[in-house]
2 protein chains.
Amino acid sequence: MIYLDNSATTNPKPINVINTTNFAMKKFSFNSGRGGYKESVDTSAKIYEVREKTANLVGVESQNVAFTSNCTLALNMAIKGILNYGDHVIISGLEHNAVTRPIEALALKGIITYDIFQYSYDKEVILKNIKNLIKPNTRLIVCTQASNVFGCKMPIEEIGHLAKENEIAFIVDGAQGAGVFEIKQKDANFDVYCSAGHKGLYGPMGVGFMAVKDNLKLNTIIEGGTGSSSLKLEQPDFMPDRFESGTLNNSGIIGLGAGIDFVNKKGINNIYSHEIDIIDYIYDELKDLKNVTLYTPSPRNFDTAPILSFNFKDYSSEKTALMLADKSIAVRAGLHCAPLAHVSFKTENRGTVRISPSVFTTQKHAEYFLNTLKKLA
Amino acid sequence: MIYLDNSATTNPKPINVINTTNFAMKKFSFNSGRGGYKESVDTSAKIYEVREKTANLVGVESQNVAFTSNCTLALNMAIKGILNYGDHVIISGLEHNAVTRPIEALALKGIITYDIFQYSYDKEVILKNIKNLIKPNTRLIVCTQASNVFGCKMPIEEIGHLAKENEIAFIVDGAQGAGVFEIKQKDANFDVYCSAGHKGLYGPMGVGFMAVKDNLKLNTIIEGGTGSSSLKLEQPDFMPDRFESGTLNNSGIIGLGAGIDFVNKKGINNIYSHEIDIIDYIYDELKDLKNVTLYTPSPRNFDTAPILSFNFKDYSSEKTALMLADKSIAVRAGLHCAPLAHVSFKTENRGTVRISPSVFTTQKHAEYFLNTLKKLA
């Protein structure tokens, strides 16, 4: 199978990730932070190591990383942790349902109001679009680091600067960004950065994280046992315990640590340049096919994650994907859980076929995909 | 090491669980329910199989099982999914912080009020205690299946009957019950049953579940992409998608399936009787030691999970546990995240030392523990 759906989850997982996760299940299936025996203490230390690696990725203090089961949970915790009654929120026109659905849920309850700023290939226009929406009660901007459908990268640092200037909290959805682009808290000025562990960080499915800036106070949406301050019926107010109730996914987290090692060893920029070369090559070939509709400029000419969306003939995106699946090519079709992005690009009726390579995708895979598509023509 | 902390997480995990989880990571690291290609469809089918096995355990329809990252998340989803402004809640005096902290959080916000019913070794007294607390606005009873500190089993079926009679919703915290005691929705009349996958079900850490009765409508605390109804900004209203936003822990869930297979093959009752024999033996030996304080009747004489709490001399529970840890015995000390239970048994100042065997615990382990404790005397 030629797997081009790495934005959903990277596959295969690196050997060191598979082996480390497996080893962790044998060696570290103990409750961390709850037992005084050596194995529990060792498990806590091992998890702390991964916390440190994750924190280093985005430039926050180790204790300010809370592990979650996925990016969606992290985003819900961050968004609902910041917002209060009467707040106004600004989100981008490229957001995933992991952002829009919690925001919409709060709006439907009458707790918040929100506006959507339009995406543009011009950074200055994006910033102007955001500025135009800022109100006295604007409390939060939420923005994806890069669109999971069209790849478009957002000017995160500039938006972070704008948010800070206006004393507005800033959450970055890094689902498609972590392990793909460098990002540091001091440059991006985010209050919270959320991401998945199983995409660009090559960890196991079932792990995500929320990294917060120092001294940020967030409300909780989940409370429970933390192994700390147990006599208190109130949730602890310190990180990371405040956001890690119940048993952690030890082997998944330790596997994520191996994923981060893998990415650091290869180098984020090397991985990116490998993947963007493939996307670039595919784009160039696709643009010469008259049956193919493309939606963005060439990757060479704009800031983009290694993600490409297209449609074929007048087929639904699902039909094209099924025809490719029949030839053992795995791509994703439809809305990719991001209806706003499709509205922005006027593809909400058909959806798109999405191509997303990983570091394991080769030129030969790209050629096989292109030849197969040409034969379908 | 002699591991007697299986109520935290069972250890070791069965070989078939370790191997299946490892295999799943290689074979099923694909996004289920989102792709049209064979590998994604196969992954969905595999996860559905585990959904079915989990549903069978507790007697609900397969689609009414939602997978979560742990029992705490499931309990938060259930409790906050049922309760609305002005509701009154009744919880037991043996609840874990996974129940008390979310309830307390709602109470602190002024959304609900709650009362705690006292535990008794006499079922009829428990039922009377609950009845005395029922108010016109009582909307929910939450009760643990068995205390994670003292083992005391609750008369779940009788409480379920009482709840149904009074049209009160009923949530069971099955963290210490799943895989230990038989429970079916039709007998227990629960609205929601929450449990962990990594304790009595012998699955990997990082998986829990929420099983709901048919046609129960619950509010959500987490919204996001579900791969379904993606154009709608509102969370889908059908199970399990409504409660499974974002990427699932595929290998963990599939590993849980292997854990359930393991339990079914051994037989829940056989596992229980193995474990309770060990607890019984330890109890009998401990009660003859003048330096040991026990807190419950003999396991032979009351309904109990295979869990036992004690204290040694006038030592803090932590000190005893550390002395045992020094001799390679792993037990848990302190409050076990369940302060209410300690208040009920007047152990909130010292906590207790907890012994919890698994199917892998042997008579030799019990003897080693007892001999070690005797030498400490």
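Predicted model: local features only at pLDDT ≥ 70, side-chain atom pairs only at ≥ 80, totals over all residues.
Two packed helices are described by the angle between their axes and the distance between the axes. For helix α10 (residues 317-326) and helix α12 (residues 363-376) of chain B, the axes come within 10 Å and cross at roughly 115 degrees. The crossing of α10(B) and α12(B) is right-handed.

Chain A contains a helix pair at the corresponding residue numbers, with α10 of chain A spanning residues 317-326 and α12 of chain A spanning residues 363-376. Their axes lie 10 Å apart, and the angle between the two helices of chain A is about 115 degrees. α10(A) passes α12(A) in a right-handed sense. On α10(A), the residues in contact are A:Thr320, A:Met323 and A:Leu324, while α12(A) contributes A:Phe369, A:Thr372, A:Leu373 and A:Leu376. The contact of α10(A) with α12(A) comprises five nonpolar and two polar residues, with no charged ones.

The two chains also meet each other, in a contact that takes 74 residues from chain A and 74 residues from chain B. About 5,900 Å² is buried between chain A and chain B, and 62% of this area is on carbon and sulfur atoms. On the side of chain A, the residues that lose the most area to chain B are A:Arg101, A:Met205 and A:Leu233, which together account for 14% of what that side buries. The model scores ipTM 0.97 and pTM 0.98. For chain A, pLDDT averages 97, and 100% of the residues score at least 70.

Side chains of opposite charge can pair when their charged atoms come close. Over all chains, the count comes to 28 salt bridges, and two salt bridges are counted between chain A and chain B. A salt bridge joins the side chains of A:Glu223 and B:Lys80, with an N to O distance of 2.6 Å. Within chain A, A:Asp5 forms a salt bridge with A:Arg354, and the closest N and O atoms of this pair are 3.1 Å apart. Because A:Asp5 lies in the loop between β1 (2-3) and α1 (15-27) of chain A and A:Arg354 lies in strand β13 (residues 352-355) of chain A, the pair ties together parts that are 349 residues apart in sequence.

Backbone geometry was also examined. Most residues other than glycine have a negative phi, and most peptide bonds are trans. In chain A, the peptide bond from A:Met239 to A:Pro240 is cis, with omega near -5 degrees. A:Pro240 is located in the loop between β8 (208-212) and α8 (250-266) of chain A. In chain B, a cis peptide bond runs from B:Met239 to B:Pro240, with omega near -5 degrees, and B:Pro240 lies in the loop between β8 (208-212) and α8 (250-266) of chain B. A positive phi, near 55 degrees, occurs at A:Asn189, a residue other than glycine. The loop that holds A:Asn189 is the one between α7 (185-188) and β7 (192-196) of chain A.

Conventions: Residues numbered from 1 in each chain as written. Chains lettered and ligands numbered in written order. Heavy atoms only, no water. pLDDT = per-residue confidence, 0-100. Axes fitted to C-alpha atoms, helices over the stretch in contact; angles between N-to-C directions. Helix = DSSP H or I, 4+ residues; strand = E, 2+ residues; numbered from the N terminus. Left-handed = near helix turned anticlockwise from the far one by under 90°. Contact = heavy atoms within 4.5 Å. Buried area = accessible area lost by both parts, 1.4 Å probe. Salt bridge = Lys/Arg side-chain N within 4 Å of Asp/Glu carboxyl O. Nonpolar A, V, L, I, M, F, W, Y, C, P; charged D, E, K, R; others polar.
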